[in-house]
Amino acid sequence: MKKILKYLFSAGIIFLAASCYDDPGTEIIFDGLEIEINEATLAGGVIASKAYVRANDGIAKRDSIRINLAGAHQNSAVSVGFSLDASNTAVAGVHYNLLSTSPVEIPANSSFTYIYFEVLADNIEQGENWTLKFNLTSTTAGELSANYSSFTRGLQILCPFVRNNFLGSYSCLEPGYGTYAVTFTADTDPARPNSIVVNNFWDFGGVVRYEFSTNSSSPSVTLPTQSVVMGGNTYTVSQNGAASYNPCEYSFVVPYRVVLTATGVTQDTNVHTFTKN
């Protein structure tokens, strides 16, 4: 009899201990409703810069930020007000255009909406970083997130090297001589995919090759040493100092030397500045 009572007492203790804990599958952790900027949750409160490819084609780069409803879907649309911060360094109509008006709406039975804007990448220079800060200001349901109701987008540009951008008609400035027209075409040698050829080197009809690096963070161009026939004579053309190019403007600057091959006498040392027409 004592053993039976002992077992019944132990079982009761176990039952009472188990009843002190809720079923983890039924516990409600969050039952509120917050409105937040999705990108702010990812950026961790810092400026999130984005590089937009500049193409010099006059076409703006469309972009957006996402507004999340953190909580249960609502049976009616949720209106969310927003504004742009006074601390913005980006200038409307110069660096960006705002396409959405305040407020925006999260549709009924949905979790998000967007604020749309466009970046005028052609007006941004390489190395510049303009800021565009969005603030959520109001909501018709729930409350604004204490930590994620503001977000700053940094506007930058990227100008990757594209050989086709450096083809066509250019003006060549040769100090002490003047400015004259030249035309660049693609090098026909498939082993030189980043080379272009000028048709009027030195304003003397020379056909000369230039080679470009593809590193946009440190763009450089090379004038390889080469023999060129101009005016019935053979000349040796070579680079005569550091050369560079602007991958955003498609311009480049190359110091050069021209030597009469037969005598080895230098005919000219100067700098060519090529500007696309």
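Q: Are cysteine 159 and cysteine 248 buried or exposed?
A: In this predicted model, cysteine 159 is buried, and cysteine 248 is buried as well; the term requires a relative accessible area under 20%.

Q: What makes the link of cysteine 159 and cysteine 248 a disulfide?
A: The S to S distance is 2.0 Å, and the rule asks for cysteine sulfur atoms within 2.5 Å, so the pair qualifies as a disulfide. A search of the whole structure finds 1 disulfide. The angle about the S-S bond is 105°, and the link is right-handed.

Q: Which parts of the chain does the pair of cysteine 159 and cysteine 248 tie together?
A: Cysteine 159 sits in the loop between strand 10 (150-158) and strand 11 (168-174), while cysteine 248 sits in the loop between strand 18 (244-246) and strand 19 (251-260), so the parts tied together are 89 residues apart in sequence.

Q: Why is cysteine 172 called buried?
A: Its relative accessible area is 1%, and buried means under 20%, so cysteine 172 is classed as buried.

Q: How do you know that aspartate 63 and lysine 50 meet in a salt bridge?
A: The N to O distance between the two side chains is 3.0 Å, and the cut-off is within 4 Å, so the contact counts as a salt bridge. Aspartate 63 belongs to strand 3 (residues 61-70) and lysine 50 to strand 2 (residues 48-53), so the pair ties together parts that are 13 residues apart in sequence.

Q: Why is aspartate 63 called buried, and why is lysine 50 called partly exposed?
A: Aspartate 63 has a relative accessible area of 10%, which is under 20% and therefore buried. Lysine 50 has 32%, a value that falls between the limits of 20% and 50%, so lysine 50 is partly exposed.

Q: Which aspartates form a salt bridge with arginine 192?
A: Aspartate 187 does, with the closest N and O atoms 2.7 Å apart, and aspartate 189 does, at 3.4 Å from N to O; each value is within 4 Å, so each pair meets the rule. Aspartate 187 is buried at 8% relative accessible area, whereas aspartate 189 and arginine 192 are partly exposed, with 27% given for aspartate 189 and 27% for arginine 192. By this rule the count comes to 6 salt bridges, and a network of salt bridges links Arg54, Glu125 and Glu249.

Q: What makes strand 5 and strand 9 edge strands?
A: The open sheet of 5 strands runs in the order 5-7-3-1-9, with mixed pairing, and strand 5 (96-98) and strand 9 (143-144) each pair on one side only.

Q: How do you know that strand 1 and strand 9 pair?
A: Strand 1 (residues 34-37) and strand 9 share 2 bridges in the parallel sense, and the rule asks for at least two, so they count as paired. Isoleucine 35 has leucine 144 of strand 9 as its bridge partner.

Definitions and conventions:
Residues numbered from 1 in each chain as written. Predicted model: local features only at pLDDT ≥ 70, side-chain atom pairs only at ≥ 80, totals over all residues. Heavy atoms only, no water. Helix = DSSP H or I, 4+ residues; strand = E, 2+ residues; numbered from the N terminus. Buried < 20%, exposed > 50% of the residue type's maximum accessible area, 1.4 Å probe, protein only.
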